[in-house]
Amino acid sequence: MRRQVGNLLSGFYLTACYVFILLPVAVLILFSFQDGRLAVPPFKGPTLQWYVTIFTSDRMTDGLINSLIVGISSSAISVVLGFLAAFGISRYEFPARRLLQGVIILPLAVSYLLVGMGLLVTVSSLGFGPSLWTVVIGHVVINMPLAFAICLTQLGEHQRKIEWAARDLGASTLRVLAQVTMPMIAPALVAAFCLCFTLSWDEFIIAFLVTRFDVTLPVVIWSMLRGGFSPQTNAVGSFIFLCSIVMLVAVELLLFRKRRV
Amino acid sequence: MVSSNEARAASQARLAGFGFTLPAVAWILLFFGAPLAVMAVYSLLPLTTDGSPPHLRFKAYSDFFSQPAYVQAIWNSVVTTAIVVAVSLLLAYPFAYVLAYRVPKRWQRFALACAILPFWTSYVVRSYAWLLVLAPTGIINWLLINLGLVERPITLAYNPNATVLGFVHFFIMLNALTIYANLVQINPRYALAAQDLGASAWRSFLAVTLPLSVPGMAVGAFLTVVLCIGDFITPQILGGNKELLLPQVIMMQIQRQLDLPMASVMSLVLTVIVAVVYLLMQKPMRSARL
């Protein structure tokens with residue numbers, strides 16, 4: 001009896017939490033199909049017209065392209081630098097190893113606002129204007145520590161033994177890196193790339209601080225908010241969200257599915 | 001001869017290790033470390049009104065702390081963050097507990113993934129989505145009016161409570177994640193042993209499981225502080241501009257006053273607060289293996 005009450009209570013609590021957590025996203029997506037000018041109840045529709053505008057309005061397509069440029073280039077740099085550093089840290093003994101590891105991880109413990117402010121102040125005191133490349137630099141600062149951490153957890157002892165075997169057979173360090181280590185942890189590298197891309201794709205504050213005209217999608221949404229509740233905002237928001245989810249499913253499949261076998 | 005070869009190999013290995021690590025470290029130092037240093041210098045070179053060359057002084061700092069509105073913003077930020085940490089932990093703990101111990105093992109990953117789904121929307125989209133729910137024309141007010149419970153829309157959005165709600169929504173997911181990761185690592189035999197020795201379920205939870213899950217809560221709480229106290233979007237969209245938080249005041253310095261020295265001072269103050277929290281929480285976080 002007591003056990004049943006407990007189960008009932010926990011079931012109830014679980015449901016309440018799910019409703020609370022999923023409610024805003026559900027409303028966001030539902031009203032992206034609103035057949036009317038305002039994203040407020042009652043629901044009329046459904047229509048896909050607002051999704052079409054993402055790909056037809058200039059402001060949106062520019063934002064989309066900028067977001068892709070920033071996301072792809074910053075994630076690529078993050079994964080390359082993070083992987084090399086993880087290889088160095090996990091495979092070699094050298095002085096100040098711990099310290100350097102700490103330096104790489106450091107940006108994880110500060111708010112994005114600080115990273116963005118630092119870049120803004122520096123760029124403007126050097127006399128450069130706002131630019132998309134500053135966003136790329138900032139996104140590498142916040143995402144590379146993550147790529148580094150993911151690679152580090154995947155470069156285990158098992159891989160190390162295979163690297164030794166390759167070395168015994170006469171392979172040079174770079175050859176080991178390119179033909180043994182990288183193929184072995186390729187799923188982790190792709191997963192790290194996807195995760196970095198998701199975070200860059202969603203990131204607002206750094207992109208907002210250091211750009212003016214070439215803006216990314218989240219910044220476009222920010223400027224649309226002044227126009228009130230337009231279903232178009234819902235559509236872009238849902239679109240960004242769905243892209244992130246697709247990337248994350250890829251991460252899940254690449255990083256975790258294999259381990260279970 | 002052999003030993004000199006070994007020494008050479010060792011020094012080569014050191015060089016290679018450095019070589020691989022250096023690009024990443026250089027990037028962080030150049031694009032994170034150096035800008036922080038520039039900010040620190042900037043904060044000491046306040047704007048001069050008469051166009052004379054600026055010289056080193058603490059004017060921006062004294063200006064900052066002598067402005068009641070700014071000190072109030074720090075206070076608002078600290079209080080809001082404290083409330084958000086407390087409420088998120090309180091709500092997330094039972095959620096993570098049920099997920100870890102009541103949901104069947106093979107459903108847990110899926111249940112967890114669904115529970116953190118909105119985690120992957122950007123701050124802007126998430127806050128906007130809450131507006132759709134809470135606004136006078138939003139879904140809750142529409143429901144209340146149509147059910148005949150109220151006659152005119154009640155005020156839910158555009159006040160500090162809405163900010164807290166928006167934050168709690170995000171951090172309940174984050175804390176559920178860190179607490180869950182901690183709970184599933186606790187050996188269930190400890191709690192069983194306590195119950196074999198005669199402890200009630202409640203007592204074994206309080207004396208065994210809860211203390212063992214402190215690291216997960218500490219990590220969650222720390223991340224909450226870092227992300228909450230530095231966020232500008234949630235209060236800006238949901239908060240209604242009445243009680244400003246520190247990041248909002250920082251953004252005002254940048255956008256309206258164009259006062260980068262003052263914005264630098266404020267960002268550094270923000271960082272000092274986070275650093276203090278980190279030092280305070282280092283001990284409970286240390287044993288976390290997430």
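Reader: Which residues of α2(A) meet which residues of α12(A)?

Author: A word first: this is a predicted model. From α2(A) come Trp50(A), Tyr51(A), Thr53(A) and Ile54(A). From α12(A) come Pro231(A), Gln232(A), Asn234(A), Ala235(A), Val236(A) and Phe239(A). By class, this contact has 7 nonpolar, 3 polar and no charged residues.

Reader: Why is α2(A) called roughly perpendicular to α12(A)?

Author: Look at the angle. Helix α2 covers residues 49–56 of chain A, and helix α12 covers residues 231–255 of chain A. Their axes come within 8 Å and cross at roughly 75°. Angles of 65 to 115 degrees count as roughly perpendicular. The crossing angle falls in that range, so α2(A) is roughly perpendicular to α12(A).

Reader: What makes Tyr158(B) partly exposed?

Author: Count its neighbours. Tyr158(B) has 18 C-beta neighbours inside 10 Å. Buried needs 20 or more, and exposed needs 12 or fewer. The count lies in between, so Tyr158(B) is partly exposed. Tyr158(B) sits in the loop between α6 (139–146) and α7 of chain B. Its phi is positive, about 55°, although Tyr158(B) is not a glycine.

Reader: And Asn241(B): what makes it exposed?

Author: Asn241(B) has 10 other C-beta atoms within 10 Å. The cut-off for exposed is 12 or fewer, so Asn241(B) counts as exposed. Asn241(B) lies in the loop between α11 (233–238) and α12 (246–257) of chain B. Asn241(B) has a positive phi of about 55° and is not a glycine.

Reader: Which residues have the most contacts inside the largest nonpolar core?

Author: They are Cys151(A), Ala192(A), Ala96(B), Leu132(B) and Ala176(B). This core has 161 residues. Helix α7 (residues 160–183) of chain B gives the most to this core, with 15 residues.

Reader: What does Cys151(A) touch, leaving aside neighbours within four places in sequence?

Author: Cys151(A) is in contact with Gly82(A), Phe83(A), Ala86(A), Ile185(A), Ala188(A) and Ala192(A).

Reader: How do you know that chains A and B are in contact?

Author: The test is C-beta atoms within 7 Å. By that test, 65 residues of chain B are in contact with 69 residues of chain A. On the side of chain B that touches chain A, helix α1 (residues 2–43) of chain B gives the largest share, 22 residues. That side of chain B divides into 50 nonpolar, 12 polar and 3 charged residues.

Reader: How does the radius of gyration of chain B sit against the rule for a compact globule?

Author: A compact globule of 290 residues would have a radius near 19 Å. Chain B has 25 Å. The value for chain B is above the rule. The C-alpha trace of chain B spans about 85 × 70 × 30 Å along its principal axes. For chain A the C-alpha atoms fill a box of roughly 70 × 70 × 30 Å.

How values were computed. Residues numbered from 1 in each chain as written. Chains lettered and ligands numbered in written order. Predicted model: local features only at pLDDT ≥ 70, side-chain atom pairs only at ≥ 80, totals over all residues. Axes fitted to C-alpha atoms, helices over the stretch in contact; angles between N-to-C directions. Helix = DSSP H or I, 4+ residues; strand = E, 2+ residues; numbered from the N terminus. Parallel < 35°, antiparallel > 145°, perpendicular 65-115°, else oblique. Contact = placed C-beta atoms within 7 Å. Nonpolar A, V, L, I, M, F, W, Y, C, P; charged D, E, K, R; others polar. Core = buried A, V, L, I, M, F, W, Y, C linked by C-beta atoms within 7 Å. Rg over C-alpha atoms; globule rule 2.2 N^0.38 Å.
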